[in-house]
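Colleague: Could you take me through this model feature by feature, giving the general idea first and then the case at hand?

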Amino acid sequence: MVDTLLDDVAGLLREAADRVVLPLFRHLDAADVTEKAPGELVTVADRRAEEMISAGLLRLRPGSVVVGEEAVADDPDLLRHLRASGDVWLVDPVDGTANFAAGRRPFALMVSLLTDGEPVAAWVFDPLADALATARTGEGTYLDGQPLHLPDGAPPMGELRGAAMTKFLPGPSRRTVEAGGARLGELLPGQHCAGREYLDVLTGHQQFVLFWRTLPWDHGPGTLLVRAAGGVARRLDGTDYHPADTEHGLLVAVNEKVWTDVHTTLLPT
């Protein structure tokens with residue numbers, strides 16, 4: 001039997017975008033946007049899309065578990081499933097909620113699948129750009145249906161371009177990163193949408209991205225996409241990233257050389 005998992009989940013994300021997310025973009029009422037925690041917005045689109053995507057995923061894999069961003073806000077104990085046996089889905093129904101709520105782009109819909117605690121598949125969909133990236137461990141990454149492999153070479157330091165999410169960095173680290181950025185070609189402030197940052201690494205718009213906060217639904221999908229395409233996603237101490245980790249800091253790059261160059265420049269020891 002042909003395995004259609006990548007297409008099936010992609011179809012779910014497109015359906016949720018078409019039926020729930022895009023109709024509400026720039027059409028939210030004040031009551032449609034609330035705070036689930038101080039400074040953390042949630043919209044009716046987040047909740048409805050997560051419900052729809054979760055139901056579809058459970059139909060695809062009966063007996064699996066869904067760990068959705070909004071469900072975890074209500075029940076943090078769901079995070080224990082990220083190291084559990086069986087199939088576990090990570091869902092970010094609207095990544096970039098603050099952008100979405102403000103009526104600006106980018107935002108994305110994201111899913112990843114863990115089997116017996118290990119990431120095995122990922123999807124990131126930017127509906128406004130109609131850009132879809134998918135991956136399965138051992139089968140590579142696809143962008144809009146075409147196989148994609150990240151470059152092996154590294155540009156000169158002065159031509160490297162990437163983003164650093166410095167807002168949440170501790171003060172001394174933030175100043176170090178900002179100072180090191182002057183040695184690179186361009187250090188971008190970030191787009192408030194992790195999914196778009198990962199897509200920009202895959203498409204060559206940037207060679208790296210540095211995060212401090214690493215919530216699992218924000219980075220489980222993107223890190224697998226980058227790794228399956230030949231890139232690198234590691235904690236700042238050099239250890240491999242896993243969605244169940246609770247540490248801070250993550251550096252993603254198109255290859256080993258770029259990861260080392262950027263780490264040495266932005267985070268010298």
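Modeller: What follows is a reading of a predicted model, taken through its sheets, its helix packing and its aromatic contacts.

Colleague: What is the strand order in the open sheet of five strands?

Modeller: That sheet is ordered β11-β10-β12-β14-β13, again with mixed pairing, and β11 (186–188) and β13 (232–234) are the edge strands, pairing on one side only. Neighbouring strands of this sheet are turned by 15° against each other on average, when direction is ignored. Within the sheet, β12 (residues 208–211) and β14 (residues 250–253) are paired in the antiparallel sense over four bridges, and Val209 of this region stands opposite Val252 in β14.

Colleague: How should I read the packing of one helix against another?

Modeller: Two packed helices are described by the angle between their axes and by the distance between those axes. In this model, helix α6 (residues 194–203) and α7 pack at an angle of about 5°, with their axes 9 Å apart. Angles under 35 degrees count as roughly parallel, and α6 and α7 are therefore roughly parallel to each other. On the α6 side the contact is made by Ala194, Tyr198, Val201 and Leu202, and on the α7 side by Asp218, His219, Gly222, Thr223, Leu225 and Val226.

Colleague: Turning to the rings, how many aromatic pairs are there, and how are the planes of Phe25 and Phe107 arranged?

Modeller: The count comes to five aromatic pairs. One of them joins Phe25 and Phe107, a tilted pair at 4.9 Å centre to centre with 55° between the planes. This pair links distant parts of the chain, since Phe25 sits in the loop between α1 (5–24) and β1 (33–37) and Phe107 in the loop between α4 (97–101) and β5 (108–115), 82 residues apart. Both Phe25 and Phe107 are buried. Trp89 and Trp123 also form a tilted pair, at 6.1 Å centre to centre and with 45° between the planes. Trp89 belongs to strand β4 (residues 87–95) and Trp123 to strand β6 (residues 118–126), so this pair ties together parts that are 34 residues apart in sequence. Both tryptophans, Trp89 and Trp123, are buried.

Colleague: Which residues form one aromatic cluster, and which arginines lie over the face of a ring?

Modeller: Phe25, Phe100 and Phe107 form one aromatic cluster. As for charges over rings, Arg213 lies over the face of Phe168, at 4.4 Å from the ring centre, while Arg234 lies over the face of Trp259, at 5.4 Å from the ring centre.

Methods: Residues are numbered from 1 along each chain as its sequence is written. This is a predicted model: local features need pLDDT of at least 70, side-chain atom pairs count only at pLDDT 80 or more; totals for chains, interfaces and linings use all residues. Side-chain values use heavy atoms; hydrogens and water are left out. Two strands pair if DSSP finds at least two bridges between them. Helices (H or I, at least four residues) and strands (E, at least two) are DSSP runs, numbered from the N terminus. Axes are lines fitted to C-alpha atoms, for helices over the stretch in contact, and angles run from 0 to 180 degrees between N-to-C directions. Rings of Phe, Tyr and Trp (its six-membered ring) pair if their centres lie within 6.5 Å; planes under 30 degrees apart count as stacked, over 60 as edge-to-face and the rest as tilted. Buried means under 20% relative accessible area, exposed over 50%, partly exposed in between (1.4 Å probe, protein chains only). A charge sits over a ring if NZ of Lys or CZ of Arg is within 6 Å of the ring centre and within 35 degrees of the ring normal. Angles under 35 degrees count as roughly parallel, over 145 as roughly antiparallel, 65 to 115 as roughly perpendicular and the rest as oblique. Contact means heavy atoms within 4.5 Å.
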